[in-house]
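Subject: Structure for you to look at

Hello,

Here is the structure I said I would pass on. My notes on it follow below.

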Amino acid sequence: MKKDVRITIKGIQYSDDDQDQVELTTIGSLCRRNGAYYICYDESEATGFEGAKTTLKVEGDRRVTMRRTGENMRSQLIIEKGRRHQCFYDTGYGSITLGISGDDIVSHLDDNGGHLQVRYTLDINASMASENELSVDVEEYAGLSR
């Protein structure tokens with residue numbers, strides 16, 4: 001099962017007294033394999049990662065893995081509820097190692113799309129960098145023919 005979908009991603013980052021918010025709507029695909037949902041889309045110039053492909057692997061309310069691959073770029077972030085992971089992240093300007101602590105994951109994805117909500121904390125060298133919220137809405141899109 002693989003479907004063309006419209007993906008709307010909203011991210012909020014809280015750091016000190018600052019709040020940064022981004023929103024992206026793009027076309028991609030949704031598929032299910034071995035009990036996990038995969039949301040895939042191509043990055044654009046607007047995100048600063050033009051030429052890269054991003055894949056979100058959603059394992060229910062337990063774990064979300066974000067992989068971004070492209071020319072000279074490879075990143076993987078693992079967000080797991082109640083656990084901290086150290087992850088390698090390529091910013092496009094250089095690479096860093098981040099600590100990621102999963103606070104909450106709520107997935108209402110099914111074969112037709114749905115909603116994903118993730119809350120997590122990022123740290124660099126064990127010093128908190130930001131608190132983050134990610135909201136992903138996925139809906140069927142009939143505008144493409146593959």
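The protein has 146 residues, and a compact globule of that length would have a radius of gyration near 15 Å; the value for the protein is 15 Å, so the two agree. Please keep in mind that this is a predicted model. Along the principal axes, the C-alpha atoms fill a box of roughly 45 × 30 × 30 Å. Of the 146 residues, 40% are buried. Among contacts with a separation of 6 or more, 34% are between residues 24 or more positions apart.

On secondary structure, the protein has 10 strands and zero helices. Read along the sequence, the pattern is β-β-β-β-β-β-β-β-β-β.

How are the strands arranged? They form an open sheet, 10 strands in the order E6-E5-E4-E3-E2-E1-E10-E9-E8-E7, with antiparallel pairing. Strand E6 (73-80) and strand E7 (84-90) are the edge strands, and each of them pairs on one side only. On average, and with direction ignored, neighbouring strands of this sheet are turned by 30° against each other.

Most residues other than glycine have a negative phi. Asp16 is not a glycine, yet its phi is positive, at about 55°. Asp16 is placed in the loop between strand E1 (2-15) and strand E2 (18-33). Is Asp16 buried or exposed? Asp16 counts as exposed because its relative accessibility is 77%, and the cut-off for exposed is over 50%.

Asn34 is the other residue to check: it also is not a glycine and has a positive phi, of about 50°. Asn34 lies in the loop between E2 and strand E3 (36-42). With a relative accessible area of 85%, Asn34 is exposed.

Last, the side chains. Which residue lies over the face of Tyr38? That residue is Arg33, at 4.1 Å from the ring centre. As for pairs of aromatic rings, the count comes to zero by the rule used.

Regards

Conventions
Residues numbered from 1 in each chain as written. Predicted model: local features only at pLDDT ≥ 70, side-chain atom pairs only at ≥ 80, totals over all residues. Heavy atoms only, no water. Pairing = 2+ DSSP bridges. Helix = DSSP H or I, 4+ residues; strand = E, 2+ residues; numbered from the N terminus. Axes fitted to C-alpha atoms, helices over the stretch in contact; angles between N-to-C directions. Phe/Tyr/Trp six-rings, centres within 6.5 Å; stacked < 30°, edge-to-face > 60°. Lys NZ or Arg CZ within 6 Å of the ring centre and 35° of its normal. Rg over C-alpha atoms; globule rule 2.2 N^0.38 Å. Buried < 20%, exposed > 50% of the residue type's maximum accessible area, 1.4 Å probe, protein only. Contact = heavy atoms within 4.5 Å.
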